[in-house]
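Trainee: I would like to learn how to read strands and charged pairs in a model, and I would be glad if we could go slowly.

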Amino acid sequence: QVQVVESGGGLVQAGGSLRLSCAASGSIFSIGDMGWYRQAPGKQRELVATITSNSNTYYADSRKGRFTISRDNAKNTVYLQMNSLKPEDTAVYYCNAEVRSSMWSGRHDYWGQGTQVTVSS
């Protein structure tokens, strides 16, 4: 079994910064893409950023320049540095990892439980 656990959320004032972390553990042979998504109250979950195993990154347009995704493959961990936070960034942030549990298995998506980010004005 694979576990994905996020941390680092909290309450911050507008203009502040937060760094989210997400660690995958358990039965892991390899991890492909990892990513961050978020879901605000009453809205659908949306993509924030993704990163491939060789650190190619993709950002949703509105997050470019303020958010930075990175990963440490040795630790099976992905990070999201969020700067210049705005009240509209308030949401539950979820981590996703594409995991192969063995060389014979395909990739499966695993999600964390989410971490709350609240930006006050």
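Trainee: In the hairpin of β7 and β8, which residue takes a positive phi?

Mentor: Please keep in mind that this is a predicted model. The residue is Asn-76, whose phi is near 50°, in a hairpin that has 4 residues between its strands.

Trainee: How many bridges join β7 to β8, and which residue stands opposite Leu-80?

Mentor: Strands β7 (residues 67-72) and β8 run antiparallel and are joined by 6 bridges, with Ile-69 opposite Leu-80 of β8. Strand β3 (residues 18-26) also runs antiparallel to β8, joined to it by 6 bridges, and here Cys-22 has Val-78 as its bridge partner.

Trainee: Is strand β8 mostly covered or mostly exposed?

Mentor: Strand β8, which spans residues 77-82, is mostly covered, since 5 of its 6 residues are buried.

Trainee: And how should I read the charged side chains?

Mentor: The general idea is that side chains of opposite charge can pair when their charged atoms come close. In this structure there are 4 salt bridges, and one of them joins the side chains of Arg-38 and Asp-89 at 2.9 Å, N to O. This pair links distant parts of the chain, with Arg-38 in strand β4 and Asp-89 in the loop between β8 and β9, 51 residues apart. Asp-89 also meets Arg-66 in a salt bridge of 2.8 Å, N to O, and a network of salt bridges links Arg-38, Glu-46, Arg-66 and Asp-89.

Trainee: Why does Asp-89 count as buried?

Mentor: Asp-89 counts as buried because its relative accessibility is 0%, and the cut-off for buried is under 20%. Glu-98, by contrast, is partly exposed, because its relative accessible area is 23%.

Definitions and conventions
Residues numbered from 1 in each chain as written. Predicted model: local features only at pLDDT ≥ 70, side-chain atom pairs only at ≥ 80, totals over all residues. Heavy atoms only, no water. Buried < 20%, exposed > 50% of the residue type's maximum accessible area, 1.4 Å probe, protein only. Helix = DSSP H or I, 4+ residues; strand = E, 2+ residues; numbered from the N terminus. Pairing = 2+ DSSP bridges.
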